[in-house]
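I opened my notebook to jot down what I looked up in this structure. Here are the entries, in the order I wrote them.

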Amino acid sequence: HALRAYSAGLDGRICAWSLPADGKVGKGGLRPTWECSLLAEAAASAAGGSNQLLNPRLAHAIAIDASGDLLAAALGDGSVELRCASTGQQLARAADEDAHRGSACQVGFLPAAGADAGLLWSAGNDKLLRIWSIATAAQKASGAKGGSKQVPTRELRPAFDVRLPHKPNWVTEVATSKVALCVADVDSGTLAVYDLRDL
């Protein structure tokens, strides 16, 4: 069985990789199983947003949910995206008024109470820690012979915000009986734990 790995970087690409289980890579090297160019997508859709010139749509961080089905990306234009981990197809994008006012620098998934909803967090250079609700939505798509069918997609909805006293350098989930995030700022030497169930 092959192992899956994902990469993202300041070249504006997110890639999925299939790694041999034995760790041996052939002479041809590895090639991505899929890749998306965030800059090309932004240019094609002309939906870069008001921050586009100063904060290009580069991937600052990615995360994979516990099921391995969803990939989240924190982007330089302040937006947060949700993609299908097996194909790279964009499922949802939170931008414009829902986006961070500076680069979104980190992202991660939180455990969810229901099967049809999940929680995602993002942290940005705007000193904002935002919790997102991931909802499944049905979108009509044209089918053959003029019919239409319901295609499942996702929506990112802001659930609540935590205003941080500093830009976060590092954020991680804390293993407790509750849902909590630990936020570090190395410049000021502070470390804070936020219990999200109490907010």
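This is a predicted model: local features need pLDDT of at least 70, side-chain atom pairs count only at pLDDT 80 or more; totals for chains, interfaces and linings use all residues.

**Salt bridges**

I began with Glu155, which forms a salt bridge with Arg157, the closest N and O atoms being 2.6 Å apart (a salt bridge is a side-chain nitrogen of Lys or Arg within 4 Å of a carboxyl oxygen of Asp or Glu). Glu155 is partly exposed, with a relative accessible area of 32%, and Arg157 is partly exposed too, with 42% (buried means under 20% relative accessible area, exposed over 50%, partly exposed in between, with a 1.4 Å probe and protein chains only).

Residues are numbered from 1 along each chain as its sequence is written, and side-chain values use heavy atoms, with hydrogens and water left out.

How many salt bridges did I get by this rule? The count comes to ten.

Next I looked at Asp77, which forms a salt bridge with Arg93, the closest N and O atoms being 2.7 Å apart. Asp77 lies in the loop between β5 and β6 and Arg93 in strand β7, so the pair ties together parts that are 16 residues apart in sequence (strands are DSSP runs of E, at least two residues, numbered from the N terminus). Is Asp77 buried or exposed? Asp77 is buried, at 5% relative accessible area, whereas Arg93 counts as partly exposed at 26%. I also noted that Asp77 and Arg93 belong to a network of salt bridges that links them with Glu41, Arg57, Glu81 and Arg83.

**Around Arg130**

Asp161 forms a salt bridge with Arg130, and their closest N and O atoms are 2.6 Å apart. This pair links distant parts of the chain, with Asp161 in strand β11 (residues 148–163) and Arg130 in strand β10, 31 residues apart. Arg130 counts as buried at 10% relative accessibility, while Asp161 is partly exposed at 39%. I then found the charged end of Arg130 over the ring of Trp132, 5.5 Å from its centre (the rule asks for NZ of Lys or CZ of Arg within 6 Å of the ring centre and within 35 degrees of the ring normal).

**Cores**

Which residues touch the most other members of the largest nonpolar core? I wrote down Val80, Leu82, Val107, Phe109, Leu120 and Leu156, out of 18 residues in that core (a nonpolar core is a set of buried Ala, Val, Leu, Ile, Met, Phe, Trp, Tyr and Cys residues joined through side-chain atoms within 4.5 Å). The elements giving two or more residues to this core are β4 (59–64), β5 (70–75), β6 (80–84), β7, β8 and β10 (128–142). A second, separate core has 13 residues, including Ala123, Val162, Val171 and Leu196.

**His100**

I located His100 in the loop between β7 (90–94) and β8 (104–110). His100 is buried, with a relative accessible area of 0%. Its side chain makes a polar contact with the side chain of Ser122 at 2.7 Å (a pair of N or O atoms within 3.5 Å; within protein, one must be able to donate a hydrogen and the other to accept it, and residues adjacent in sequence count only if both atoms are side-chain atoms).

Notes. Helices (H or I, at least four residues) and strands (E, at least two) are DSSP runs, numbered from the N terminus.
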